[in-house]
Amino acid sequence: DGHLDKMLRAIFIRLLTTHAPNENQNVKIEARRLFSSYIKSFENKENSSELPSEYRSSLLSYILRTGDENDYLELMRVYGKTDNNIERTHIMSSLGFTNSPQLKKKTMEWALNDVLLQDFFYPMRGVSSSDSVGREIAWNFFKDNFQIIKAKLANASPSLLDAAFYSCTRGFVTNQSADEIVDFFEKNPLPSAQRSISQRVESIRGSAKSREIMLNSPLGTCQFWDGLCL
């Protein structure tokens, strides 16, 4: 594959991970083969695997979505073995896609307590991006640990708190979610991030409006999507 083909493949794998992880057995078999190659490359202390970097995060996310706790633990072991920052970012961005709510929560706790300050939002973003359960876990964790997060970042760049906030509110597309964010920050003011908060709320309200329009159009019917099937 060329570079653009690999990028397109990454998009398709992400869509499969989110919307139809168990639909195609051939995809699962090939994904499992590439994952095994990836793990073995670290066990054998090799510098490369068959898994291209362009869709490494996407495939690792797919494996965690369709796999079990052993896959999660394997990736955690790889994270501990490598000092390659790019490789660690791939793993941190993927861990939240585990299909276990308990492991999603564990990922959030690990991010807050054990991951380097400049990277701790990556696992949070993975949890929030994974599915509707992950979105709620990430947002609730952010709210419950807000004072700890704020204290942790007290002397850091303000952009890190913005990143944590954005990471834990990904995927929200309803006015109810936007109202909840507004209500939370009215009770827990954060003047330094007010602009980012306002922009995020505005973005969610825009997505909510677009969603409503689509749901009230032919795009919101099963007949439209069934008609696309060959």
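Student: Is leucine 219 buried, exposed or partly exposed?

Tutor: Leucine 219 counts as partly exposed, because its relative accessibility is 35%. Buried means under 20% relative accessible area, exposed over 50%, and partly exposed in between, with a 1.4 Å probe and protein chains only. A word on the source: this is a predicted model, where local features need pLDDT of at least 70 and side-chain atom pairs count only at pLDDT 80 or more, while totals for chains, interfaces and linings use all residues. Residues are numbered from 1 along each chain as its sequence is written, and side-chain values use heavy atoms, leaving out hydrogens and water.

Student: Where does leucine 219 sit?

Tutor: Look in the loop between helix H12 (194-215) and helix H13 (222-226). Helices are DSSP runs (H or I, at least four residues), as are strands (E, at least two), numbered from the N terminus.

Student: How many helices and strands does the protein chain have?

Tutor: There are 13 helices and zero strands. The radius of gyration is 19 Å, close to the 17 Å the globule rule gives for 230 residues, so the chain is as compact as a globular protein of that length. That radius is taken over C-alpha atoms, and the rule is 2.2 Å times the number of residues to the power 0.38.

Student: What are the spans of the C-alpha trace along its principal axes?

Tutor: About 50 × 50 × 30 Å.

Student: And what share of the residues counts as buried?

Tutor: Of the 230 residues in the protein chain, 41% do.
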